[in-house]
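The structure is shown first, and the description follows.

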Amino acid sequence: MAEQSTQSIEVDAEPARVMAVIADFPAYPEWAKAVRETEVLAEDDNGRAKQVKLTLDAGPIKDVYTLEYDWDADGHGVSWHLVKGQMQKAQNGRYALEALSAGRTKVTYTLSVELALPMIGLLRRKAEKMVMDTALKELKKRAEAS
């Protein structure tokens, strides 16, 4: 299994607002620059996305893949893993939310990606860091916008 990368950011929004942004897959193309298209393929018993097909276009990196999500009962976290991908052999990720004072939330993003084509570990970690950094900044901007 590939090594994990982890990053955190503080957001000026309640955890419920941040999780609402994370869970709104149809809106991803509006705010997540690399995500061109999303399709919720299955929902869990609570109406949350269980499987989502994503079309990614991040310049040289293009992929269509399906992720399966597992939502924490307390609403403060979600984990996912790759079901099917073209360029990826594996992807495991997690958003963990921690309520801070004054309506702020600490979002911790953990990601591990294994590509179908071999990539030097240093380059893979650098790419993961870039993906995570962008994702967290875009999530923060979207959650704080309303």
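Helix α3 holds both Glu 144 and Lys 140, which are four residues apart, about one turn of the helix. The model is a predicted one. The side chains of these two residues, Glu 144 and Lys 140, meet in a salt bridge with an N to O distance of 2.8 Å. Glu 144 counts as partly exposed at 30% relative accessibility, and Lys 140 is partly exposed as well, with a relative accessible area of 23%. Elsewhere, salt bridges with shared partners join Glu 10, Asp 12 and Arg 104 into one network.

Across the whole structure, the search finds eleven salt bridges. Among them is the pair of Glu 30 and Arg 142, which links distant parts of the chain: Glu 30 belongs to helix α2 and Arg 142 to helix α3, 112 residues apart. Glu 30 counts as exposed, because its relative accessibility of 60% is over the 50% limit. Arg 142 is partly exposed, at a relative accessible area of 26%.

A further salt bridge joins Arg 94 and Asp 72. Arg 94 lies in strand β6 and Asp 72 in the loop between β4 and β5, so this pair ties together parts that are 22 residues apart in sequence. Both partners are partly exposed: Arg 94 has a relative accessible area of 27%, and Asp 72 has 22% relative accessibility.

| Salt bridge | Closest N and O atoms |
|---|---|
| Glu 30 – Arg 142 | 3.0 Å |
| Arg 94 – Asp 72 | 2.5 Å |

Tyr 95 lies in strand β6 and Tyr 109 in strand β7, so the pair ties together parts that are 14 residues apart in sequence. Both Tyr 95 and Tyr 109 are buried.

The elements that give two or more residues to its lining are α2, β3, β4, β6, β7 and α3. Helix α3 gives the most, with eight residues. By class, the lining has 26 nonpolar, three polar and five charged residues.

Methods. Residues numbered from 1 in each chain as written. Predicted model: local features only at pLDDT ≥ 70, side-chain atom pairs only at ≥ 80, totals over all residues. Heavy atoms only, no water. Nonpolar A, V, L, I, M, F, W, Y, C, P; charged D, E, K, R; others polar. Buried < 20%, exposed > 50% of the residue type's maximum accessible area, 1.4 Å probe, protein only. Salt bridge = Lys/Arg side-chain N within 4 Å of Asp/Glu carboxyl O.
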